[in-house]
Amino acid sequence: MDGPFDQIDQRTMEQEPTTDQIQIPVRTQPWRQNITVRGLVASLLIGTMYSVIVMKLNLTTGLVPNLNVSAALLAFVFIRTWTKLLHKAGFTTTPFTRQENTIIQTCAVACYSIAVGGGFGSYLLGLNKKTYEQVGVDTEGNSPGSYKEPGIGWMTGFLFVTSFVGLLALVPLRKIMIIDYKLTYPSGTATAVLINGFHTPKGDKMARKQVVGFAKFFTGSFAWACFQWFYSGSGKCGFTYFPTFGLKAYANSFYFDFSMTYIGAGMICSHLVNLSLLAGAVLSYGVMWPLIGDRKGHWFPSSLPESSMKSLNGYKVFISIALILGDGLYNFLKITFFTARNLYSTSRNNPKTSPDDHNQPQDSLQRNEVFLRESIPFWVAAVGYIAFSIVSIIIIPVMFPELKWYYVLVAYVIAPSLGFCNAYGAGLTDMNMAYNYGKVALFVLAAMSGKDNGVVAGLVGCGLIKSIVSISSDLMHDFKTGHLTLTSPRSMLVSQAIGTAIGCVVAPLTFFLFYKAFDVGNPDGEYKAPYAIIYRNMAILGVEGFSALPQHCLQLCYGFFAFAMMANLVRDTSPKKVGEWVPLPMAMAVPFLVGAYFAIDMCVGSLVVFVWHKVNKQKANLMVPAVASGLICGDGLWILPSSILALAGINPPICMNFLPTKN
């Protein structure tokens, strides 16, 4: 999912690292030497593995934590293991540098980011026939035939023509963002601190402990997932459906499902995110849905199935949308305000004049010198942007006739300015607001395209804008990491482009692995894909307005929209001791549609981190990222063999189920 889960835990480093953390070498390698064959192989393996993991998260709950630090750790593990094996076999290898580590992390993250933001669990999946039918073929605005079944060919082509434009949109502004404005980009800074720490004598010992911890929990998580499979039969069988708190609580989705992926994600996400998920679960499945369900026959016809948009499911979807839009609007306005204020104050201070450069620390001067030495010519970025835009303007209307070519042209004209605003805000707050720009495009295009074309045009236009704005912001995060690790911007851009190309191929293949092996989009199954139906209903709202809402749903939506705005305002204006306990509306919205079970898993992860910090804070700070990564990767990697078994028609041999006793 997009939103607060893209942020790093605020317990991580938010300031630029000091000289002792960086240990800058005397000279750096030419940029081409940073991109190695072994590095590309490692990037492909890490990117593919993480694509599988995040695709599962996309299609189950839509919640995806930030895995950049984990990718940097795995890059170190892969190359160090490889070089040690070669040394034992009597071969010599080139030294493994922080620059190569940075390149591998950048390429791997670019690869799996396509699986995160490519719309496979949201706007692209919202186009398929199952989501179209789930909304209701008789729903106003859901015009007949307004669907397009997923296909590897058109999905890969769509990703290729939309993803590379974002890489070039802000390249000419990298000096302004990184050196002149000195934006922190906390995620990029935290990743640089980790990589720099690995490549020191002291860091090597720390990394060895993290590698051992990662390996142990990776193995345990994989073995546990394999063990669970044997009892997961057909239907609702296995440990995943264990009624931890009793059968009545289980019926309302309150149970612990033994998912190592979500426990690991809970260890990475902040306590506030996890507690917000639990609060949303209690409010929705514990209070609201049972009460609204009792109004069957009054608020909505009792003859309608629960999955209908005019029944209980309509309240779940549209109240979730109200929370998401309220939170998004508030953060959009807040970041716009901070961006404007900082740009104004920076322009008054005239940062581009540098009379005090000689007073800067030596490490800062060297970082700036390396960052500027191998510049990327403006004409390369401009020509590339125009060329990719022309290709996109021609191809996208052919793929989707509902989206007119002049809408695509306007999108590419305004995209660089939107990308700048988003990248600047991300540099200040670490919040990637691309999903908000995408939603604005969705509503505008759906309304302008009319009843017949609005849904498809809105969903595709949402993906177009979101992709450009998000990728340009991600590139600035990577430039910040490269700046702090003395990695050439040219090698960073090339590695990002390679990772993006790999992701455009790997992500659709990964999606179809799930789409063919599992029942994706089933609201009662494991792979609910909740954001597909949310995005489609947003497009219908853009076409039809409030007439698409069930009875009394509009009043509830007003209330939750106002609550989202107010909760954010209270958190930002209250003292820290009060604000840190105000829930995040975006996080609360997820269990409204998905259920409470994964929120319980996430809170277990938070509890583990809390207890660990109480027992041994220093060891917890060192080991939590490695342990969480091991849990996520081990459980996630089991998806590959389980999918292959499912495609081969091999089912688990045992169904472990839980039933009430007979009186």
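What follows is a discussion of the terms applied to this model.

Tutor: This is a predicted model, in which local features need pLDDT of at least 70, side-chain atom pairs count only at pLDDT 80 or more, and totals for chains, interfaces and linings use all residues. Residues are numbered from 1 along each chain as its sequence is written, and side-chain values use heavy atoms, with hydrogens and water left out.

Student: How many helices and strands does the protein chain have?

Tutor: The protein chain has 26 helices and zero strands. Helices (H or I, at least four residues) and strands (E, at least two) are DSSP runs, numbered from the N terminus.

Student: Why is the protein chain called as compact as a globular protein of its length?

Tutor: The radius of gyration is taken over C-alpha atoms, and the globule rule is 2.2 Å times the number of residues to the power 0.38. For 663 residues that rule gives 26 Å, and the protein chain has 24 Å, which is close, so the chain is as compact as a globular protein of that length. Its C-alpha atoms fill a box of roughly 75 × 55 × 55 Å along the principal axes.

Student: What share of contacts in the protein chain joins residues at least 24 apart?

Tutor: Contact means heavy atoms within 4.5 Å. Among contacts between residues at least 6 apart in sequence, 83% join residues at least 24 apart.

Student: What makes the pair Cys237 and Cys655 a disulfide?

Tutor: A disulfide is a pair of cysteine sulfur atoms within 2.5 Å. The S to S distance between Cys237 and Cys655 is 1.9 Å, and the structure holds one disulfide. The pair links distant parts of the chain, 418 residues apart: Cys237 is in the loop between helix 10 (201–229) and helix 11 (247–251), and Cys655 is in the segment after helix 26 (639–647).

Student: Why is the disulfide of Cys237 and Cys655 called left-handed?

Tutor: The torsion about its S-S bond is about -75 degrees, so the disulfide of Cys237 and Cys655 is left-handed.

Student: Is Cys237 buried or exposed?

Tutor: Buried means under 20% relative accessible area, exposed over 50%, and partly exposed in between (1.4 Å probe, protein chains only). Cys237 has 3%, so Cys237 is buried. Cys655, at 43%, counts as partly exposed. Of the 663 residues of the protein chain, 57% count as buried.

Student: Why does Cys603 count as buried?

Tutor: Cys603 has 15% relative accessibility, so Cys603 counts as buried. The residue is found in helix 24 (residues 597–615). Not counting residues up to four places away in sequence, Cys603 touches Asn274, Leu275 and Leu278. The C-alpha atoms of Cys603 and Gly266 are separated by 6.2 Å, although these residues are 337 residues apart along the chain.

Student: What makes Ser43 buried?

Tutor: Its relative accessibility is 2%, so Ser43 counts as buried. Ser43 is found in helix 3 (residues 37–60), and leaving aside neighbours within four places in sequence, Ser43 is in contact with Ile103, Ile104, Cys107 and Ala108.

Student: How many cavities of 30 Å³ or more are there?

Tutor: On a 1 Å grid over the protein atoms alone, a cavity is a set of points where a 1.4 Å probe fits but cannot get out, and lining residues have an atom within 4 Å of a point. Grid points are joined across faces, edges and corners, and a volume is the space filled by probe spheres set on the points. By this rule the count comes to four, and the largest cavity has a volume of about 590 Å³. Of the 35 residues that line the largest cavity, the closest to its centre are Ser113, Val116, Asn432, Ser470 and Asp474.

Student: Which helix gives the largest share of that lining?

Tutor: Helix 18 does, with ten residues.

Note on methods. On a 1 Å grid over the protein atoms alone, a cavity is a set of points where a 1.4 Å probe fits but cannot get out, and a pocket is an open set with protein on both sides within 12 Å along at least five of seven lines; lining residues have an atom within 4 Å of a point.
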